[in-house]
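Please keep the sequence and the model side by side while reading, and follow each residue as it is named.

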Amino acid sequence: MRYFNYKAIVLLISLGAVSIGCDSYLEEENNTSLSIETANTDPETFNQLVASVYERARETTTVYTSDLYYALEDLGTDIVTRNTPITGTSDLNDYVNFNSLNWAVGVYWANQYSVIAAANLAIDDAPLILDVPEDEKTKGLAEVKFFRAMAYFKLVENYGGVPLVLNAVTDISTDYPRNTEEEVYNQVLMDLEEALAGVPESTEVYGRLTKDAVRHFMSKVLLTKGYKSFGDDNDFTQAAAYAETVINNHQLVSSFQSLVSIENQRNSEVIFSYLFGGNAVSRGWGNSKHMLYKFRFFDYPGLTRSVKGLGPMPTPFFYSLFSEEDERAAATYKRVLYATEEDVAEVNDTEVNIAVGDTAIYFPKTAWTQAEIDAVPYAVINPGTYFKNDGVTPVHYPMFRKFDDPTIPFTQPDQTSQGERDMVIMRSGEAYLFAAEAYLQLNDKSTAAERLNTIRSRAGLDSSLSSEDVDIDLILDERARELVGEVNRWMDLKRTGKLIERVLEHNPHAALNNAIQEKHLLRPIPQTEIDNTGGSITQNPGY
């Protein structure tokens with residue numbers, strides 16, 4: 001056994017002991033004192049290596065580092081911006097002075113390669129670990145190849161062509177030239193084909209991969225590839241076919257409210273989730289999505305400090321996307337915040353007693369007159385004033401409830417979030433949208449409209465779309481309403497060629513600075529990676 005692998009195995013077993021929060025998947029166990037002989041001869045070593053890949057994939061999804069969350073996902077898009085008045089500049093959101101020294105791009109790069117490194121170790125060491133049943137080995141290798149494919153897909157979409165490292169690194173080398181984007185895509189699809197062949201159709205252990213999880217992700221990869229210079233209509237055809245299989249196997253939940261309810265996390269629509277749970281050890285950092293898109297509401301009278309926001313806020317355009325009939329609005333965010341403690345507020349120079357359950361803040365969909373505002377004993381924040389300092393907070397907006405985890409204690413963003421909810425990574429609601437987009441690209445607008453109408457009907461929208469209604473902007477709007485906070489919006493806009501247009505049209509801070517340009521369709525390669533490889537990793541154009 002190579003010394004490098006033994007040391008890595010000891011580390012990864014320690015990581016794998018926390019697994020992915022599943023009830024029965026790899027119970028916690030102290031393996032840090034294992035000898036090389038024991039690690040080699042114990043088939044459980046292989047299971048721990050597989051578990052470590054799950055764990056790394058989960059932890060790099062919920063939080064990049066203790067001071068960085070979701071920065072390269074929704075921020076700087078048409079539906080999410082920075083939570084400050086519309087002045088000044090920002091590199092990530094406004095694309096001003098965005099360069100290779102940005103903290104987020106370096107952490108994101110390192111996180112994806114950490115998943116790849118763990119997967120490569122499991123793949124390389126699988127033949128060296130004795131007595132692993134063949135079916136278990138086949139399944140485990142398929143799982144880690146899925147996560148390697150996912151990490152490379154994130155890398156190639158954010159940075160373009162990147163170095164393909166497909167074996168555990170056992171020596172010191174600085175020669176890592178970038179593979180082409182097409183070569184990375186070929187490897188991603190090769191790993192996914194092997195994953196599809198090796199994982200089961202269903203699993204008794206909730207939280208492990210199934211064929212539908214692979215199919216769902218293959219649909220996304222092929223849909224994205226279809227837009228590339230090396231893609232073609234067959235990619236869209238396959239993307240639609242995989243999505244249809246997922247749709248057939250995973251029935252939509254009857255209502256969107258039921259879908260996002262914390263009481264109904266594991267339902268027919270869910271294909272794959274990262275699990276956290278109540279065990280502080282196996283939970284890791286915790287699911288932090290309950291902290292998304294929340295301002296300092298607790299600075300207003302009658303409201304207690306129950307959850308801290310992470311920073312970014314939805315754009316006014318996002319809120320404008322929902323019609324009165326769309327049930328997703330009320331399930332996604334709340335326009336009324338009710339008092340959670342007794343308090344006294346001063347309204348028009350008069351003290352007003354606040355009781356628990358009274359309205360504390362109201363965000364009307366249509367602006368109230370000043371007379372209407374003066375007549376009520378609570379804060380009213382009109383549309384059009386979300387970025388205007390009201391003397392309490394500099395920004396304020398209808399607050400997200402989609403990912404609420406109400407029993408979790410207040411924590412600061414640099415502390416473990418402690419969130420226990422499952423983090424849904426794939427569900428069939430998105431498969432309908434994959435299919436609709438693929439059919440649109442194949443000029444089958446009629447079928448695209450049918451898939452969209454199914455999603456819209458579940459949301460309570462009775463008016464049906466016709467084939468003439470369907471275009472890529474309509475699909476992007478539907479993705480925003482259905483999937484906000486669940487999937488990477490930046491990738492959606494990039495894939496469809498709409499990033500620059502929609503950011504300038506709908507992101508108020510980015511529009512103010514007007515800095516986004518063609519080069520921003522790729523992130524800069526982290527400068528540390530260029531320096532550490534002596535320039536064998538080259539920078540993207542324009543940076």
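**A walk through the predicted model**

Ala 122 counts as buried, at 0% relative accessibility, where buried means under 20% relative accessible area, exposed means over 50%, and partly exposed lies in between, with a 1.4 Å probe and protein chains only. The model is a predicted one, in which local features need pLDDT of at least 70 and side-chain atom pairs count only at pLDDT 80 or more, while totals for chains, interfaces and linings use all residues. Residues are numbered from 1 along each chain as its sequence is written, and side-chain values use heavy atoms, with hydrogens and water left out.

Ala 122 is found in helix α5, residues 103-125; helices here are DSSP runs of H or I with at least four residues, strands are runs of E with at least two, and both are numbered from the N terminus. Leaving aside neighbours within four places in sequence, Ala 122 is in contact with Phe 46, Leu 49, Leu 141 and Val 144, contact meaning heavy atoms within 4.5 Å. The C-alpha atom of Ala 122 is separated by 8.5 Å from that of Val 53, although these two residues are 69 residues apart along the chain.

The next stop is a pair of helices. The axes of helix α6 (residues 134-159) and helix α7 (residues 181-198) come within 8 Å and cross at roughly 155°; such axes are lines fitted to C-alpha atoms, for helices over the stretch in contact, and the angles run from 0 to 180 degrees between N-to-C directions. That angle makes α6 roughly antiparallel to α7, because angles over 145 degrees count as roughly antiparallel, those under 35 as roughly parallel, those from 65 to 115 as roughly perpendicular, and the rest as oblique. Among the residues that make the contact are Thr 138, Ala 142, Phe 146 and Tyr 152 of α6, together with Val 184, Val 188, Leu 192 and Ala 195 of α7. The residues of this contact divide into eleven nonpolar, three polar and seven charged, where Ala, Val, Leu, Ile, Met, Phe, Trp, Tyr, Cys and Pro count as nonpolar, Asp, Glu, Lys and Arg as charged, and the others, Gly among them, as polar.

Within helix α7, Ala 195 is buried, with a relative accessible area of 0%. Not counting residues up to four places away in sequence, Ala 195 touches Ala 142, Phe 146 and Val 214, and its C-alpha atom is separated by 9.1 Å from that of Thr 138, which is 57 residues apart from Ala 195 along the chain.

A further helix pair involves α15 (residues 445-458) and α16 (residues 472-483), which pack at an angle of about 35° with their axes 12 Å apart. Their crossing is left-handed, and the residues of their contact divide into four nonpolar, no polar and five charged.

Turning to the strands, pairs are counted if DSSP finds at least two bridges between two strands. Strands of a sheet pair through backbone hydrogen bonds, either parallel or antiparallel. Three strands form an open sheet in the order β5-β8-β9, with mixed pairing. Both β5 (336-338) and β9 (379-380) stand at the edges, each with a single partner strand, so one side of each is left without a neighbour in the sheet. Three bridges join β5 to β8 (residues 359-362) in an antiparallel run, and Tyr 338 stands opposite Thr 359 in β8.

Strand β2 (residues 270-274) is mostly covered, five of its five residues being buried. It pairs with β11 (residues 423-427) in the antiparallel sense over four bridges, and Phe 272 has Met 426 in β11 as its bridge partner. Strands β6 (residues 343-347) and β7 (residues 350-354) are likewise joined in the antiparallel sense, over five bridges, with Ala 345 partnered by Val 352 in β7.

Finally, some backbone angles deserve a look. Most residues other than glycine have a negative phi. In the hairpin of β6 and β7, which has two residues between the strands, Asn 348 takes a positive phi near 50°. Tyr 70 has a positive phi of about 50° although it is not a glycine; Tyr 70 is placed in the loop between α3 (44-62) and β1 (80-81) and is buried, with a relative accessible area of 7%.

Key
Left-handed = near helix turned anticlockwise from the far one by under 90°.
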